[in-house]
Amino acid sequence: MATETKLPVTKSPTAPAVAGETWRPFQALRNEIDQIFDDFGNGFWNRPFRSLARLERDFSKSISAPAVDVAESDKAYEITAELPGLDEKNIDIKVANGGLTIKGEKREETEEKNKDYYVSERRYGTFERYFTLPESVNADKIEATFKNGVLKVVLPKTEEAQKPAKTINVKAA
């Protein structure tokens, strides 16, 4: 059974966290499919594998940022991300300038030798996700854990934010 590992969440007021570009996972796929249709009448069948290899390369780059689930309870917000194949040492979480940044890097190398062939593959990828923190989050008490490829970041709410809502009765004038 795998054990849960606590990850450090560092506060970095000097390094600004930048949201970056809007993540559009299917844009590269759409562009490549449009290119395939454009090439169809211009000799696609003479070079189909080159075009499909470019499609795989571009699509794999576009899905490098993991999807996350964000949930809210009475006491905290929780961000959960599935990061298969990563170790906790390859994940970096920082709080700076009112935002939370989750970064990660995956390196994978495979090698297969046989008497008739030799295959060596390397895959590298990085991702970064940025979240603007609500004012109700107590940034000093944020905790992160990593277990079985799942990252869980708990952002506790301040005492003021945890108070129940006050109901105000409406009186007739």
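Mentor: Helices (H or I, at least four residues) and strands (E, at least two) are DSSP runs, numbered from the N terminus. This is a predicted model, in which local features need pLDDT of at least 70, side-chain atom pairs count only at pLDDT 80 or more, and totals for chains, interfaces and linings use all residues. Residues are numbered from 1 along each chain as its sequence is written, and side-chain values use heavy atoms, without hydrogens and water.

Trainee: Why are E5 and E6 said to pair?

Mentor: Two strands pair if DSSP finds at least two bridges between them. Strand E5 (residues 91-96) and strand E6 (residues 99-113) have six, in the antiparallel sense, so they are called paired. Ala96 stands opposite Gly99 in E6.

Trainee: What lies between E5 and E6 in the hairpin?

Mentor: Two residues separate these strands, and Asn97 in the turn has a positive phi of about 50°.

Trainee: What makes a space a cavity?

Mentor: On a 1 Å grid over the protein atoms alone, a cavity is a set of points where a 1.4 Å probe fits but cannot get out.

Trainee: Which residues line the largest cavity?

Mentor: Lining residues have an atom within 4 Å of a point; here they include Ile102 and Arg129. Strand E7 (residues 118-132) gives the largest share, three residues.

Note on methods
On a 1 Å grid over the protein atoms alone, a cavity is a set of points where a 1.4 Å probe fits but cannot get out, and a pocket is an open set with protein on both sides within 12 Å along at least five of seven lines; lining residues have an atom within 4 Å of a point.
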